[in-house]
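This report covers a loop residue and a pair of packed helices. The sequence and the model come first.

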Amino acid sequence: AKVMWHHINVEMHVHTCMNAEGHRRLIGNDRTILFFRGLSGFTQFKIPEHDATTPVKVERYLLSQYKFGTCYRVVDEKLPHDLLNIEQTHCQAKDEMLLGIILATGKQSNPLDMFKNKSTPEFEQFLNLLGFDPTDPKAKVMWHHINVEMHVHTCMNAEGHRRLIGNDRTILFFREAGSPFDVSGVDNLGTMPQNFILVQPEQDKYRIGFFSRVNLREFGPHVPVDHLWDPRDIRDFLFTKVYNGMIMTNVCPPMSRLFEVPRQATINEIQKKYPQPVKNVKNALIKGVRKRSDSVG
């Protein structure tokens, strides 16, 4: 089981709960290791310093695990900064997310018809739970370290519906209690929205449903079946689902191109900035000639 910390699933590999194979396969691949040591036997320890052969060992390991077309060593103090810039500029983790919110009434299934609906007391009460202020619709809500910008259709005109909600990756439908919902109408919003959340009030609690485009892989947190949510718990759960859905769209088509193409372009620029040394190129050519000559006859 994973532990939910804010919006992050924390998976802990505890050595006392696994066998030797788990120690090697799981703990051996963790980037962070925590040692719990008794007070009576506490001693200060340090990680051994890398010796001169460390780069060679790393290179051999990478070559044994991955099939590189070309692999060469770069000794330049600027390279780590350039690599770090990739993660800072094209990072999957975001400090901002967008959420479109639409009020549906009766048997409406087409969002274009829903855009004509006026706000209701139940709808405004729900928006208040999320931290949205109808009197200041442009204000962002801070959730943990993330700025949440909500595009509520009752607070904007037709242009806002098209330009803002039509470009949100996640759409939340607030549905009147007891009303059925036809998912076929979401295609009228265009191809940009990928994840869809359905919220229905039931007495003093809420029922939540979720569905997404077929191209997206499953992601957490799981939505319990037939569970009624207390108003105090619904905000964190919904925002967690929206955030994880936003991250998932970065790695699944068609939205993945918006993330992968610029990231790959930056990687290509770095590769050109640190070209393969001429000596290595010459050696590679010589080896290639030898292999071809050995294979003749």
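H153 is buried, with a relative accessible area of 1%; buried means under 20% relative accessible area and exposed over 50%, with partly exposed in between (1.4 Å probe, protein chains only). The residue sits in the loop between strand 5 (146-152) and helix 6 (158-163). Helices (H or I, at least four residues) and strands (E, at least two) are DSSP runs, numbered from the N terminus.

The model is predicted: local features need pLDDT of at least 70, side-chain atom pairs count only at pLDDT 80 or more, and totals for chains, interfaces and linings use all residues. Residues are numbered from 1 along each chain as its sequence is written, and side-chain values use heavy atoms, with hydrogens and water left out.

Leaving aside residues up to four places away in sequence, H153 touches I101, I102, L103, M114, F115, N117, H161 and I165, where contact means heavy atoms within 4.5 Å. N117 and H153 are 36 residues apart in sequence, and their C-alpha atoms are 8.7 Å apart in space. For the protein, among contacts between residues at least 6 apart in sequence, 65% join residues at least 24 apart.

Now the helix pair. Helix 5 (residues 121-130) packs with helix 7 (residues 231-249) at an angle of about 65°, and their axes are 9 Å apart. Axes are lines fitted to C-alpha atoms, for helices over the stretch in contact, and angles run from 0 to 180 degrees between N-to-C directions. That makes helix 5 roughly perpendicular to helix 7; angles under 35 degrees count as roughly parallel, over 145 as roughly antiparallel, 65 to 115 as roughly perpendicular and the rest as oblique. The residues that make the contact are tabulated here.

| Helix | Residues in the contact |
|---|---|
| Helix 5 | F126, L129 and L130 |
| Helix 7 | P231, I234, R235, L238 and F239 |

By class, this contact has seven nonpolar, no polar and one charged residues. Ala, Val, Leu, Ile, Met, Phe, Trp, Tyr, Cys and Pro count as nonpolar, Asp, Glu, Lys and Arg as charged, and the others, Gly among them, as polar.

In helix 5 the buried residues are F123, F126, L127 and L130. Seen down the axis of helix 5, they fall within an arc of 100°, so they line one face of the helix; the arc is that of the directions from the helix axis to the C-beta atoms. The face turned away from the buried side of helix 5 carries the exposed residues P121, Q125 and N128. Just after helix 5, G131 takes a positive phi of about 95°.
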